[in-house]
Amino acid sequence: MLFGSTKDKSPALTLSEAIVQGLAADGGLLVPAELPLIDISLLDEQLDYAHFAAKVLAPFFAGDKLEGHLKHICEHAFNFPMPLKLLYDDTYLLELFYGPTASFKDIGCRFLAECLSQLSIDHHKTVMVATSGDTGSAVAAALYQQPNVNVIVLYPHNKISKRQEHQITCWGDNVLALAVEGTFDDCQRLVKAAFQDEECSRRCSLTTSNSINLARILPQTVYYAFASLQLYRKLNKKAGFIVPSGNLGNVTACYWAKAMGFPIDEIVMATNANTTVPDFLATGVYEARASVETMANAMDVGDPSNLERLRYLFKTTQLLQHNATAFSVSDEKIQASIKDVYESEGVLMCPHTATAYFVRQQLQDRLWVMVATADPSKFETVLEPILNIDIPPSEALHALLQRSTTQKNVKADLNEIMQLASQQFV
Ligand SMILES: *Cc1c(COP(=O)(O)O)cnc(C)c1O
């Protein structure tokens, strides 16, 4: 399969080229030439997750130099459970946070890391990534001490939780973590600027692992495929999915899984107080905004990159409006939802997942799956005062919190960042 640009002006790339390049040369996002239709009746019910994944992703890898490695990549990337749990009548929770850094981002990042480690064997690469909290730690954990790969993580100073920061700054070696004076959008701008700076991009052979990278979106299609098929076989119903959304990578994967023929019905985005997407769907006019800070900070995105992929998928704004729903959930409602689900179901939810829970209450009864994107114990500073309980770190978190950290601050300035990088990666 070949991959093209959402702007349709760049030549087609192979999967490997698309992964390394990250963005299309014309500045668009990379998308598959077509979304393969998977015959679900050919997927054996006995397949375990990794082998199911290899089958679902095979068409994307066809003809690429990574094709022969796909099974190995899936076995190594997907080595933790992703349970689908019944919360109450016909409402399920798909828990995606049992990886090493306790958010769903481990899934895409581990898959990308496995692909990159195959691809950098004969050419050293530097991964540069902007994070609003969870991406940075997932990328760092996945690439730490992988040969031939360096990592630069940019995160907004003082805008992420202490446990999140610890998980980003506890690596060292081939991982440089920098607290940028600015917002997540500033960090994202710096990554884009580094790519556009030819000298910088070539000298360090830059690649990105933000959710614009295909090797993060593709593996995320698999859990939607797996969960929807599991429910369909059990209940003979198509499930709707409610996806806590920020940069829209996760929900893009859900739309792709649906287009590939998996039994998915309605798809609903839950955003925090950043209303860019709900406003766009309501008016049909896109207006990027500065991001506002919320307690669901990994979704504090005012100009979501992956909207371009959704617009490309649906061709016209009208069709996109027809196929997409988005609700904005305020911090007050997030707080109330965290309390409500704890009191009524005895379940701890991270603030991101709580947006999906709130949205579920606004929707009609039918088969719904809420996507649980992070371990609640990663957000103890939010949850503890709301619930008046102590929330100890999960096992994975505890392991990371034992590691010592190095904190480095930097201005929102590309030259300063590259200088620190050349000191770290001698
Ligand atoms: C990144 C993240 C999100 C948002 O996912 P997108 O793919 O950016 O829409 C939601 N919840 C958590 C916990 C995250 O880390």
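## Ile334

Ile334 counts as buried because its relative accessibility is 0% (buried means under 20% relative accessible area, with a 1.4 Å probe and protein chains only). Ile334 sits in helix α14, residues 331-345 (a helix is a DSSP run of H or I, at least four residues, numbered from the N terminus).

Beyond its neighbours within four places in sequence, Ile334 is in contact with Asn272, Met295, Ala296, Val329, Pro351, Ala354 and Thr355; contact means heavy atoms within 4.5 Å. Between the C-alpha atoms of Ile334 and Phe358, which are 24 residues apart along the chain, the separation is 7.2 Å.

## Basis of the model

This is a predicted model, in which local features need pLDDT of at least 70 and side-chain atom pairs count only at pLDDT 80 or more, while totals for chains, interfaces and linings use all residues. Residues are numbered from 1 along each chain as its sequence is written, and side-chain values use heavy atoms, leaving out hydrogens and water.

## Nonpolar cores

The largest nonpolar core has 99 residues, and Phe111, Tyr224, Phe241, Phe262 and Met269 touch the most other members. Such a core is a set of buried Ala, Val, Leu, Ile, Met, Phe, Trp, Tyr and Cys residues joined through side-chain atoms within 4.5 Å. Helix α9 (residues 214-235) supplies the largest share of this core, eleven residues. A second, separate core of 32 residues includes Phe97, Ala296, Tyr357 and Val382.

## Ligand

A polar backbone atom of Gly246 is 2.7 Å from an oxygen atom of the ligand. For Thr373, an N or O atom in the side chain is 2.8 Å from a nitrogen atom of the ligand. Both are polar contacts, pairs of N or O atoms within 3.5 Å.

Note on methods
Buried < 20%, exposed > 50% of the residue type's maximum accessible area, 1.4 Å probe, protein only. Helix = DSSP H or I, 4+ residues; strand = E, 2+ residues; numbered from the N terminus. Polar contact = N/O pair within 3.5 Å; in protein donor to acceptor, adjacent residues only side chain to side chain.
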